Amino acid sequence: MSARTALERPGTEPGYYSEIASFTQSHSILPEEDLRELWQRMAFTILVRNTDDHLKNHAFVHVRDGKWRLSPMFDVNPQPGRAPKLETGIAPEFGFEPDIRAAISAAPLFLIEEEDAARVALRMARIVSSGWRKALQAQGVTGGDIRRYAAAFEHDQMEAALTLASRARPVDDDLDMSR
């Protein structure tokens, strides 16, 4: 079931990650796990300038007895050339601007402490900023095309996330984002 269906949104009416979080908290069989994952997806979307995060690209899989799980993430499209704007806003008070600091401030709506969110965002930014070129190369992208994608990964929100060290506890560089 898409988030559009879950939130009963007609047509192309936009929504907010915070609304998806509310549905998740009420309907997920593992709400804390799904809320953390949803918040991480929002932060990732900001960090890679994913411009295709509309409500049909968030979904739930039915588990049993009217309970759901967040589906695997899909249809992520980093865009180097477009002016960044989220298709799904962070929360009504933060709007549709892709702002990593706003995402961190919204973390309590996902049952995550802001300090923990800052730590995860910093770790995620370090992983993305140090590995995006190799990830594209592994998919067969070369030379000029890699340079054209740089703006999707090297931008003000990535820099903001990389400077979060003062708000976050020390982090290690392992890939476990669940802590």
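These notebook entries record what I looked up in the structure.

**Basis.** I worked from a predicted model, in which local features need pLDDT of at least 70, side-chain atom pairs count only at pLDDT 80 or more, and totals for chains, interfaces and linings use all residues. Residues are numbered from 1 along each chain as its sequence is written, and side-chain values use heavy atoms, with hydrogens and water left out.

**Overall fold.** I looked up the secondary structure and noted 7 helices and 2 strands. Helices (H or I, at least four residues) and strands (E, at least two) are DSSP runs, numbered from the N terminus. Along the sequence the order is α-α-α-β-β-α-α-α-α. The radius of gyration is 16 Å, close to the 16 Å that the globule rule gives for 179 residues, so the protein is as compact as a globular protein of that length. That radius is taken over C-alpha atoms, and the rule is 2.2 Å times the number of residues to the power 0.38. Along the principal axes, the C-alpha atoms fill a box of roughly 50 × 35 × 30 Å.

Buried means under 20% relative accessible area, exposed over 50%, and partly exposed in between (1.4 Å probe, protein chains only). Of the contacts (heavy atoms within 4.5 Å) with a separation of 6 or more, 72% join residues 24 or more positions apart.

**Helix α2.** I asked which residues of α2 (residues 17-27) are buried. They are Y17, S18, I20, A21, F23 and T24. The cover over the buried residues of α2 includes α1 (3-6), α3 (31-47), β1 (60-64) and β2 (67-70).

I then turned to β1 and β2, which pair in the antiparallel sense over 4 bridges; two strands pair if DSSP finds at least two bridges between them. F60 stands opposite L70 in β2.

**S71.** I located S71 in the loop between β2 and α4 (100-105). At 8% relative accessibility, S71 counts as buried. Beyond its neighbours within four places in sequence, S71 is in contact with R41, A59, F60 and V61.

**A117.** I placed A117 in helix α5 (residues 114-138), and it counts as buried because its relative accessibility is 1%. Not counting residues up to four places away in sequence, A117 touches W39, I104, A107 and I112. How far apart are A117 and Y17 in sequence and in space? They are 100 residues apart in sequence and 15 Å apart in space, C-alpha to C-alpha.

**Positive phi.** Most residues other than glycine have a negative phi. I noted D75, not a glycine, with a positive phi near 55°. D75 lies in the loop between β2 and α4 and, at 37% relative accessibility, counts as partly exposed. I also noted L111, likewise not a glycine, with a positive phi of about 60°. L111 is in the loop between α4 and α5 and counts as partly exposed at 47% relative accessibility.
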